[in-house]
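Please read them alongside the coordinates.

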Amino acid sequence: MDSQKGALLGFSALLLAACNTAAPANLESAEAQQPAPEAQVVPEGDVELWPAVESNLIDPAIEARINELMAKMTLEQKVGQVIQADNGSVTPEEVKEYRLGSVLSGGNSGPNGKQYGTVDEWLAAVDAYYMASVDPEGVEVAIPILWGIDAVHGHNNVIGGTLFPHNIGLGAMRDPDLMGEIARVTATELRVTGHDWTFAPTVAVPRDSRWGRSYEGFGEDPEIVAAYSPRIVEGLQGVFGSDDFLSDAHIISTAKHFLGDGGTDGGKDQGDAILPEADLVRLHAAGYPPAIEAGALSVMASFSSWNGSKIHGDHYLLTDVLKGRMGFNGFVVGDWNAHGQLDGCTNEDCAAALLAGLDMYMAPDSWKGLYKNTLAEVKSGEIPMERLDDAVRRILRAKFYYKVFDQVRPAERPLSGRSDLLGSPEHRAIARQAVRESLVLLKNEGSVLPIRPDAKILVAGNGADNISKQAGGWTLTWQGGGLSNDLFPNADSILDGLQDAAANVTYSSDGSYTAKPDVAIIVFGEEPYAEFRGDVDHLAYDIDGTKERNLLQKLKADGVPVVTVFLSGRPMWVNPELNASDAFVAAWWPGSEGAGVADLLIADADGQPRNDFTGKLSFSWPRAADQQPLNVGDAVYDPLFAYGYGLSYAAPGAVASDLDETVSADLVSARANSVFFENGSFVSDWAAELVGDVTQSRVDHNAQEDALLLTFGGAGGSVAFKDGNARNFLRESNGDMELTLMLKSSVAGQVEIGMQCEADGCASYDTLPAEVANANEWTEVRLSLSCLKGLDLEAVTSPFTLKANGAGTVAVTDVHFAEDEDAQETCLSE
């Protein structure tokens, strides 16, 4: 594989040159060609800026079969083909009744209402839905469904699957050959559970690491994604034109998210990419031409916008550019209810998206209303029959290439039920190689690495023996994390690997010890997240110094050499942790093969490296906590570690031991003092303290599971947001700030909202109007702090407390302080 790494830049340059994107092929050219930040936005519409691509998907024999099939389809069947429902919100009987074209499994939608499943559970579910779709009752011809799933770093929703490093780590490999093998393994394991289609590869180019999906990108520069995208498509689908294309061991791929999702302003998920068309092409389109040329059968439209225009409704990008200039003849699938975000649309009604060029709505829980409205709009002529037929043709084209009419039922296909293929020795070996190649050595002072196998090694940190954490988001559950190692039977934790490679390993999660060790390996980092829940305002890992920093400093003060293994979905500001570490390894989220870490850290019997570090940064590492966006080639480019940086045993380097640890006071206090819960997650260390008959879960507001759902029993109860600290909110009160949130309440009783303070019994509440408490509709609630009489605002321990004295549910989201909009006191009970 090393020869492929050496050839990557040249290979990438050829691809990009062929696509006329002029994306940089090396560091020097990237610096020369990067636009200045002040580049002006120009009007859209110059289709000649885009690469002209030849797609070979039009096969006369397949087109003839499509013509024959469409002549037999009812209008209702055609509408059903363009709608995809989530298996958690649709039954097999409904798939048959509405003749839906596809079913998906969202991040938390496993078989039988579970979040994930076993091989047998998945296969039984897929088989049941498939058999419903091919039931011929009432139609001249029944059309099999396609079942899609987010297998973004291996088959990550089945127990026992092989989990690869997330894309940020794979980008550090610079290894297209291995990338293709990873895709091939993923396809094989998906076939074991009967799945047809994965929503991968992600070919976004993240330009701001505050974005919660940065780890789904291979790098900040288009060079890597342009080299990887065709190899992934071929690994998943097989080589187009060969006998192996979409054979029994392959599945349909999806290049996503078209377009510009990695370039949104401020790194906001589902945000707006504000940039000229030429830069949209050069920076964000590079992965699509090679994917199209490789035969990708689907492309997913992005939630995001370009210069204020939502991509799901952008006819120019979806039709003129993607389907016209770029010659894409597969089908465009939407993202999770993203069509509902278009002006004038709802989740259940959006002709505009289909008219813009969307071919298949992803309508997970809104599919039934959308079906009825779309059918009515076709009948009325609002959606022309020609547009519906084109969308159906594109979907059927993919289905014919996948041979849906020639395959047996999922339960009887060649690889179905082959549990021995999940986490097989071959697959695990490939994943372990990927871990070795993805690790980036940032620091190694005093040659503390590699560690002799007979050394006394202390291992600590909450990531050392935590497969769920080391695998990151999209691991069995949507957000990942918090799962027992028992759920990963074909995996090794990082601790497992270290214990296998060295004779004297002591594990202590808090780092305590009795006998002084020769060296300490501390494994820690970000908790897993996915999508918008991972959006942050800054890149400081531990802005207030309450995490592992004290342990690192204590060990160093004790004279114990410290090796940090840092788990994260992005480069982060960790200057204090770097200063306290003798060696520092960026391990990203390495997946199921934690033993790959030991392959690089632990020496052979002679003290020599068993393997060397080859990973190179594919994202620039920040020098300061607020240093974003930060990309190679910026007019002002001053990272701590540059794009392409990575030490090795063969090529060591020195890192300063006195890196600046200063963080502005405003940055420290701003977020935790003003934002408590947003995008489905608690900010900083805030958490919900539940008292009484109440439980918490998640529910949708504007996006999937972005709100906290509180379910109260008959006795009622309370929830208080706390982080263990007391805060002074007197300034916020004097500044006419308001506690603001979105709320949806259906409680048979009284609901109160207020705050608690430090002294025993110190609290104050205001009562929610009955018409809001029982409306079961989303409502903005604003409460002036001055309404909370008798509260000690200088020692607030809970800035948001909600009490209910009866049974029901209350959903809340976007809980934060906001400026008073009308400069008048806003109390709830008025």
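1. For the class counts below, Ala, Val, Leu, Ile, Met, Phe, Trp, Tyr, Cys and Pro are nonpolar, Asp, Glu, Lys and Arg are charged, and the others, Gly among them, are polar. The model is predicted, so local features need pLDDT of at least 70 and side-chain atom pairs pLDDT 80 or more, while totals for chains, interfaces and linings use all residues. Residues are numbered from 1 along each chain as its sequence is written, and side-chain values use heavy atoms, with hydrogens and water left out.

2. Cavities. A cavity is a set of points, on a 1 Å grid over the protein atoms alone, where a 1.4 Å probe fits but cannot get out; lining residues have an atom within 4 Å of a point. Points are joined across faces, edges and corners, and a volume is the space filled by probe spheres set on them. Eight cavities of 30 Å³ or more are present.

3. Largest cavity. Its volume is about 190 Å³. It has 20 lining residues, with Ala151, Val152, Asn167, Met179 and Ala200 closest to the centre. Helices H7 (167–173), H8 (176–192) and H9 (222–237) are the elements giving two or more residues to this lining; H8 gives the most, four. Helices (H or I, at least four residues) and strands (E, at least two) are DSSP runs numbered from the N terminus. The lining comprises 13 nonpolar, six polar and one charged residues.

4. Second largest cavity. This one holds about 170 Å³. Its lining also comes to 20 residues, and Asp335, Trp336, Trp474, Glu531 and Gln704 lie nearest the centre. By class there are ten nonpolar, five polar and five charged residues.

5. Largest pocket. A pocket is an open set of grid points with protein on both sides within 12 Å along at least five of seven lines. The largest pocket has a volume of about 1,400 Å³. Among its 49 lining residues, Lys547, Phe682, Val683, Ser684 and Asp685 are closest to the centre. Helix H22 (665–674) and strands E19 (681–682) and E20 (687–699) each give two or more residues, and H22 has the largest share, with six. The lining has 14 nonpolar, 18 polar and 17 charged residues.

6. Aromatic pairs. Rings of Phe, Tyr and Trp (its six-membered ring) pair if their centres lie within 6.5 Å; planes under 30 degrees apart are stacked, over 60 edge-to-face and the rest tilted. The count is 30 pairs. Phe240 and Tyr401 form a tilted pair, because their planes stand at 55°, with centres 6.0 Å apart. Phe240 lies in the loop between H9 and strand E5 (254–258), and Tyr401 in helix H15 (residues 385–401), 161 residues away. Buried means under 20% relative accessible area, exposed over 50%, and partly exposed in between (1.4 Å probe, protein chains only). Phe240 is partly exposed at 24%, whereas Tyr401, at 10%, is buried.

7. A second pair. Trp478 and Phe532 are edge-to-face, with planes at 65° and centres 5.8 Å apart. Both Trp478 and Phe532 are buried.

8. Ring cluster and charges. Phe524, Tyr541, Phe566 and Phe584 are linked by ring pairs into a cluster. A charge sits over a ring if NZ of Lys or CZ of Arg is within 6 Å of the ring centre and within 35 degrees of the ring normal. Lys547 has its charged end over the ring of Tyr541, 4.6 Å from the centre. Arg413 lies over the face of Tyr130, 5.3 Å from the ring centre.
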